[in-house]
Amino acid sequence: MARYYIGYDCGTMGTKVAIYADDSTLVAEAYRPHEIKYPRPGWAEMDPEQFYRVVTECIRECMNTSKIDPGGVRGISCSGIICGFLPIDDDWNAVGPYIPYLDGRAKSEAKHVSENLDPLWAEESGNADIGSYMPPMFCKWLLNNNSDFRKKTKKLVTGAHYVMGKLGGLKAKDAFIDYAHMSGWVIGFDARKRNWSEKQMDLLEIPYEILPECKKPWDVVGTLTREEAEKTGLREGIPLVAGAGDIMQSNLGSGVIDVGMCSDVAGTASIFTFAVPDFRREVTEKKVIINAMATFEDHYMYWSFIPAGGLSLRWFRDEVLMQKGDEEFYERMNKLAEKTPIGAEYSLFFPFLQGRSSPAWPNASAAWVGLYGSNNYATLWRSILESIAFEYLSYVEILRSVGIELKKVVGTGGGSKGAFWNQIKSDVLNAPYVTLQRTEGAVLGNALLAAYGVGDIKDLKNTISQWIKVKRTFSPIKQNNDAYMRIYRMREKILNGPLYEIFDMIQELHQIQVPD
């Protein structure tokens with residue numbers, strides 16, 4: 001009988017499910033969008049049941065489309081948003097919303113922790129900066145402001161693992177998190193032990209008993225229940241493999257598996273990662289790049305992100321130009337922007353619609369500077385594209401300063417479909433930028449992890465190396481890099497000088513009461 005594996009990825013903007021055969025053939029896939037709620041300025045929440053509903057709908061759709069024998073499905077694994085959690089009760093019922101990294105309500109908690117606590121995490125977690133987007137800060141905010149939170153909460157789980165617990169009929173006592181998902185907490189764990197740090201949790205005053213048990217990504221954490229099998233069209237008893245964070249699994253599914261390789265996850269949040277042999281205090285002290293535990297145990301992953309990187313492009317389409325739902329819009333804009341000069345006619349965009357998390361600037365907001373009457377929507381579009389690349393360069397410059405070089409950047413996510421943007425990133429970063437023949441990313445990595453977790457494959461790296469092939473390589477153009485570096489140096493002066501002060505002054509406007 002043929003063998004199949006299911007992977008699901010609960011991302012920010014939507015969930016994707018795919019079924020793969022044991023030779024890496026994509027048998028079926030399905031996608032559902034998510035709704036993000038913004039109940040107050042700076043807040044962001046998601047309905048936990050939404051994750052479960054879309055996963056089960058997509059599995060059922062894939063089974064109906066593929067018409068494969070349910071008896072051939074050998075395992076299910078997952079990935080999801082790493083910076084976020086939701087609380088559950090004893091019976092695995094959600095007792096609050098899922099709070100993602102887009103949320104900024106915990107500014108005062110982040111400020112207190114940053115200014116008053118001994119940063120034990122700088123040594124143990126490899127991270128020194130404290131931002132309001134971090135799950136420990138959400139947790140402290142809830143403890144400080146929601147009396148029901150501590151009364152009702154038995155455990156905290158990720159969105160993807162909430163779904164897995166529902167599929168397996170788990171209870172709070174079974175709650176788990178893999179160490180890659182744990183990295184999304186940024187602090188609170190011991191990276192070398194790949195487990196929670198009791199010392200840090202005591203320091204943060206977060207009850208250790210509400211934390212889920214740490215698992216390895218390939219550990220089997222349960223089996224599919226009869227009820228869920230009937231809902232999804234699967235068979236009862238399929239092993240459920242813990243999975244890993246979406247960034248890490250995107251790296252696995254894209255072949256970013258060796259030290260010196262980097263990835264650009266060009267999605268809603270623009271995420272840049274670096275595979276490194278170990279984390280270093282010189283980088284930690286910069287308080288910009290985040291240390292994380294990769295899916296593999298033999299290296300670490302530095303990463304940083306722009307919360308509204310790709311979201312800035314969608315915002316420009318939907319809210320500024322009022323072209324919501326036009327899926328051809330992005331490529332049309334890329335073609336128009338390609339005709340504009342490097343530097344977008346001296347206009348600079350700062351993509352902080354949901355704040356700046358790396359480094360953590362609590363008052364940062366989006367801004368354009370340097371606009372003239374000659375600017376139009378094409379130059380503004382180019383300025384948004386360039387802004388993401390410039391933010392990436394600020395991360396790369398830190399690593400280059402300690403001798404870490406980029407061998408190549410692998411582009412994934414929807415943004416990597418645009419050749420024009422890929423070339424901008426190659427020119428700005430002065431590094432080869434490659435796209436892949438197959439771009440399933442995390443769901444492919446999840447299916448591979450499911451096969452590994454149930455023992456059907458023996459070597460993750462060797463297998464994915466056979467499956468992944470380069471589609472196109474974008475090489476940096478020297479004169480473009482020279483021009484971009486001059487712009488970048490001035491941009492950094494503007495951003496870290498007068499604009500930083502302006503962000504603080506803009507925040508003061510939020511205190512002004514205005515009539516409805």
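Q: Hi! Quick one to start: are Trp303 and Phe305 buried or exposed?
A: Both Trp303 and Phe305 are buried. Before we go on, please keep in mind that this is a predicted model.

Q: Thanks. How do the rings of Trp303 and Phe305 sit, stacked or edge-to-face?
A: Their planes are at 25 degrees and their centres lie 5.3 Å apart, so Trp303 and Phe305 count as a stacked pair.

Q: How many aromatic pairs does the structure hold?
A: There are 26 aromatic pairs in the structure. Another one joins Phe51 and Tyr98: with ring centres 5.2 Å apart and planes at 80 degrees, the pair is edge-to-face.

Q: Where do Phe51 and Tyr98 lie?
A: Phe51 is in helix α1, which covers residues 48–66, and Tyr98 is in the loop between β5 and β6, so this pair ties together parts that are 47 residues apart in sequence.

Q: And are those two buried or exposed?
A: Phe51 is buried, and Tyr98 is buried too.

Q: Which residues do ring pairs link into a cluster?
A: The cluster is made of Trp315, Phe316, Phe329, Tyr330, Phe349, Trp368 and Trp381.

Q: What lies over the face of Phe279?
A: That would be Arg192, at 4.1 Å from the ring centre of Phe279. In a further case, Arg356 has its charged end over the ring of Trp361, 4.5 Å from the centre.

Q: Changing topic: how many salt bridges are there?
A: The count comes to 36 salt bridges. One of them is between Asp91 and Lys171, where the closest N and O atoms are 3.2 Å apart.

Q: What does the pair of Asp91 and Lys171 tie together?
A: Asp91 belongs to the loop between β5 (84–88) and β6 (99–100), while Lys171 belongs to the loop between α6 (159–168) and β8 (176–178), so the pair ties together parts that are 80 residues apart in sequence.

Q: How accessible are they?
A: Asp91 has 45% relative accessibility, so it counts as partly exposed. Lys171 is at 36%, and it also counts as partly exposed.

Q: What about Lys216 and Glu297, how do their side chains meet?
A: They meet in a salt bridge, with 3.9 Å from N to O. This pair links distant parts of the chain, 81 residues apart: Lys216 is in the loop between β11 (213–215) and β12 (220–223), and Glu297 is in the loop between β16 (290–293) and β17 (300–306). Lys216 is partly exposed, at 36% relative accessible area, and Glu297 is partly exposed at 45%.

Q: Which residue does Asp482 meet in a salt bridge?
A: Its partner is Lys478, at 3.0 Å from N to O. The two residues are four apart in helix α18 (residues 478–509), so about one helical turn separates Asp482 from Lys478. Asp482 is partly exposed at 32% relative accessibility, whereas Lys478 is exposed at 60%.

Q: Which residues are linked in a network of salt bridges?
A: Arg3, Asp22, Arg74 and Asp456 are linked that way.

Q: What follows α15?
A: Asn430 comes after α15, and its phi is positive, near 55 degrees.

Terms used
Residues are numbered from 1 along each chain as its sequence is written. This is a predicted model: local features need pLDDT of at least 70, side-chain atom pairs count only at pLDDT 80 or more; totals for chains, interfaces and linings use all residues. Side-chain values use heavy atoms; hydrogens and water are left out. A salt bridge is a side-chain nitrogen of Lys or Arg within 4 Å of a carboxyl oxygen of Asp or Glu. Buried means under 20% relative accessible area, exposed over 50%, partly exposed in between (1.4 Å probe, protein chains only). Rings of Phe, Tyr and Trp (its six-membered ring) pair if their centres lie within 6.5 Å; planes under 30 degrees apart count as stacked, over 60 as edge-to-face and the rest as tilted. A charge sits over a ring if NZ of Lys or CZ of Arg is within 6 Å of the ring centre and within 35 degrees of the ring normal.
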